[in-house]
Structures are given as C-alpha cells and as structure tokens.
Amino acid sequence: MKYNGESKPVTHIPYGHQCIDDADIAALVDAARSDWLTRGPKSEEFESALCEYTGAKYAVVVSSGTAALHIACLCAGVGAGDEVITTPMTFVASANSIMYCGARPVFADVLEDTVNIDPDEIKKRVSKSTKAIIPVHYAGHPAELDAIKGIADRSGLIVIEDAAHALGATYKGSAIGSCKYSDMTVFSFHPVKHITTGEGGAITTNREDLYKKLVMLRNHGITKDQDAMGSCDGPWCYEQQLLGFNYHLTDFQCALGISQLKKLDQFVKRRREIAAAYDEAFASSDEIVLPVEKAWVGASRHLYFLRLRAPSCRCDLFNRMRSSGVGVQVHYIPVHLQPYYRKRFGHVAGDYPIAEKYYTETMTIPLHPSMTQHEIEHVIQTTKRHLRSPYC
Ligand SMILES: *Cc1c(COP(=O)(O)O)cnc(C)c1O
C-alpha cells in the first residue's frame, strides 16, 4: 500500500512529494517504541549508511539541510567580514546560512545550459575576504566541481557543496557526497528531496578536524572526548568549548532515513525514467528548451523544468496548468532579488542577467517517484495541450 494519495483522483499533482511505504512506517513505529526518542543509536547507523552510500569517511546528521549549511559554514571558519561565493539560482537557505555567520554572500551568475554556478564568474569574484564557495547542484545536475576545486585550491578556499538536490547524483564517476572535490557536502531530507526524514539534513566530509567540530556544533559546542578536554572533576565531565546549537536529528527520524536510504537508488532510477518520458514527450516542442545532462554526470533529477521560449506567456501557462491539476512551481526567484538581499546589499535587477533570464523562462512540473503512470500521462498531455494552444 502506498501513502501517496494514489486513491485520490487527479485533482492536484504536486511538483514534489515524499514516497513512504509500509517498511518506513514499521521502522518509525519500532523506533518510537525504543528507549531513544532524541539522539540515539539510529543516528550513528544512519551516518554509517550515508558514508557507505557516498563513499565519504564521515557523516553528521542534523535537524535540517539549513542547519547542515549553517554549521558547515561555521566549520569552514566563515565569520564577520568574510565573503562566501554562491549562486543566486537556489533556495534562500544557501545564502542565509552565510548570513547566520555574519558573513556576506557574494553571488556569481550561472551557466546558461545547466543553470549551475559559472566557474568563470566565481573567479571574477574571489577577493581577499573570500573564505568559501558554495556551489548548488541545481535540479540534481552536478556543478562544475573540477573547475571549482581548481579555483578553491589556488586561493585557499573551502568548498561546501549544497547537494540538497543531488543525493544519488554522480560527477565523473564519484557519488555526490564523496567530497572528492570539496571539503564538505550538505544534504536535505525535506519531503520533496530524494529521501526524507520529515525535516532533516546531513553533512559528509573526509576531514577528521571538520567532522569533530561538526559533531560539537550540533550539540551546543559540547565535547565529552577525554583527549579534547582539559582537567576533569570526575566521570560526569563535559566541556562546552564552542558556541553550538541543538541541531540533533531524532532517533525516529534517523530510523526513517535508514529505511528511505535503502530505496534511494530505486527512487533516482524512477525519477530518471519519468524525466526521460518528459524529454521524449516534449522533444519536438517548439515552445520549450529541454533540460541538459552533461556526459560526465549522472543527474539525480530533483526538478524537471520547462524552459519557455516565450516567457511572456509563463503566467498564463502557469495558471492553466494549475487549473488542470498540475502543481507547477517556479524554482527559484533569484536570491539577490529577494527584498531582504536587495535592501541589505543594494542588489538590483540586471546584476545577474543569466540567472534572471532563466527565472523568467522557467516552470517546474511534477517529478517524484510516487507518481502513478496515470499522473505522468496527465502531466504530459496537459503540458502538451496548453503549450500547443495559443496560451497568451
Ligand atoms: C531544500 C534546500 C535547502 C534547505 O534544506 P532544509 O532541509 O529544507 O532546511 C538548502 N538548499 C537547497 C538548494 C534546497 O533545495
């Protein structure tokens, strides 16, 4: 039995949705009956499973992808007066995490085809104050990690991959999360992402120093490691050495995560099949440009976006699609154009033309493994119908 609304008529197909089965529910129930409701043994088990999947040495699970980005930035040494380069075409959390550390997000425009951060634009923005680079694997297509690592190595910068869209993706044969080209990789387990724990996130890394600090920052900045502590009054000893947070992921969420991770490859396979069906269905359309997948990546297909050749028609198409039960969305309003960032840093329209142009053209259609064949067909037929009719 599926809890994905399969019994519902096709009235509204969301752009993203979790895929929870009986095994997931059983794992949750078991965990709820155990002695641990907050952090417990499932947390380490989930971390080991993430290490095994990604090939990274260490994983730290936390309460959200945003929390993961926050402590990853802190571990990178990001603080007041620093700059961190990221993309404007992302969810606001990528930039907000930089602000949490008192630093300044410096945006670099995206590449026209993959919509990922452009390494040449990064180069132009590296300054004496730059501390780190946060590329986002937009829609599940890995960013230009080789080039980004090259820039970071030359200037002594930390690379934090925001892989909220890219669990299950590969770059030049390595799993995203392996940190082959970065210092840390951040994942989100929000329900629209590839696997879910409700709220939840993780950081993977191969560096022991970063791992130890991440673990402390997740737990108020506290350590119980004898070797890391000074003098000790007794066996109850613990030391707060940093200003950390309560960013634990609960044990029942970890139990769900472990169960979900076992299905990740199936989920990604299904996403790729649905995306391929869309590619095929829309290949002959004159109205849209299809998403690309470079030869050296395996995209995890988090979002499927229609890119309209006539952007002035987007609003009309959006409304028509919604009225036909297709839960379209727009990912994303460029972050620098959000009122907070405009006011704070004086950004104006025109600052990042490629991201802004993409924003005017794009619309996300439903893509998630719990879609039924009937729903996929409905999305294809509805899209084709509205694209064909003069829609504005
Ligand atoms: C979802 C998302 C996040 C935030 O993850 P949460 O788990 O919702 O906090 C960060 N960056 C990107 C690109 C995302 O899509």
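**Entry 1: His220**

I began with His220, which is partly exposed at a relative accessible area of 36%. I am working from a predicted model, and I keep that in mind for every value noted here. His220 sits in the loop that runs between helix 7 (208–218) and strand 10 (222–223). I looked up its backbone as well, and found a positive phi of about 65 degrees although His220 is not a glycine.

I then turned to Cys179, another residue that is not a glycine and yet has a positive phi, here of about 60 degrees. I placed Cys179 in the loop between strand 7 (174–175) and strand 8 (184–188). Is Cys179 buried or exposed? I noted a relative accessible area of 5%, and because the cut-off for buried is under 20%, Cys179 counts as buried.

Lys180 is also placed in the loop between strand 7 and strand 8, but I found it exposed, with 53% relative accessibility. Setting aside residues up to four places away in sequence, I recorded that Lys180 touches Lys149 and Ser174. I also checked Lys180 against Thr54, which is 126 residues away along the chain, and the two C-alpha atoms are separated by 10 Å.

**Entry 2: the loop between helix 10 and helix 11**

I looked for the residues joined by a cis peptide bond and found His331 and Tyr332, with omega at about -5 degrees. Tyr332 belongs to the loop between helix 10 (314–323) and helix 11 (339–345), and Ile333 is placed in the loop between helix 10 and helix 11 as well.

Ile333 is partly exposed, its relative accessible area being 41%. Which residues does Ile333 touch, not counting those up to four places away in sequence? I listed Pro88, Thr90, Gln338 and Tyr359.

**Entry 3: helix 3 and its ends**

I went through helix 3 (residues 65–75) and noted that it is mostly covered, 9 of its 11 residues being buried. The buried set consists of Gly65, Ala67, Ala68, Leu69, His70, Ile71, Ala72, Cys73 and Cys75.

Just after helix 3, I recorded a positive phi of about 85 degrees at Gly77.

How many of the 11 residues of helix 8 (residues 251–261) are buried? I noted 10, so helix 8 is largely enclosed by the rest of the structure. I wrote down the buried residues of helix 8 as Asp251, Gln253, Cys254, Ala255, Leu256, Gly257, Ile258, Ser259, Gln260 and Leu261. Against what do these buried residues of helix 8 pack? The elements I found are helix 1 (22–33), helix 2 (41–54), strand 1 (58–62) and helix 9.

**Entry 4: Asp279 in helix 9**

I followed helix 9 (residues 264–282) along to Asp279, which lies in it. At 18% relative accessibility, Asp279 counts as buried, because the cut-off for that class is under 20%. Leaving aside neighbours within four places in sequence, I found Asp279 in contact with Leu290, Pro291, Arg301 and Tyr304. With Tyr304, one of these residues, I also noted a polar contact of 2.7 Å between the two side chains.

**Entry 5: the whole chain**

I counted 13 helices and 15 strands in the secondary structure of the chain. The C-alpha trace spans about 75 × 55 × 40 Å along its principal axes, and the radius of gyration is 21 Å, which agrees with the value near 21 Å that a compact globule of 392 residues would have.

Of the 392 residues, 56% count as buried, and the accessible surface comes to about 16,600 Å², with 52% of it belonging to carbon and sulfur atoms. Among contacts between residues at least 6 apart in sequence, I noted that 72% join residues at least 24 apart. For the charges, I recorded 42 positive and 45 negative side chains, the centres of the two sets lying 4 Å apart.

Note on methods
Residues numbered from 1 in each chain as written. Predicted model: local features only at pLDDT ≥ 70, side-chain atom pairs only at ≥ 80, totals over all residues. Heavy atoms only, no water. Helix = DSSP H or I, 4+ residues; strand = E, 2+ residues; numbered from the N terminus. Rg over C-alpha atoms; globule rule 2.2 N^0.38 Å. Buried < 20%, exposed > 50% of the residue type's maximum accessible area, 1.4 Å probe, protein only. Contact = heavy atoms within 4.5 Å. Areas by Shrake-Rupley, 256 points an atom, 1.4 Å probe, with all protein chains shown as cover. Lys, Arg positive; Asp, Glu negative; His and termini not counted. Charge placed at Lys NZ, Arg CZ, Asp CG, Glu CD. Polar contact = N/O pair within 3.5 Å; in protein donor to acceptor, adjacent residues only side chain to side chain.
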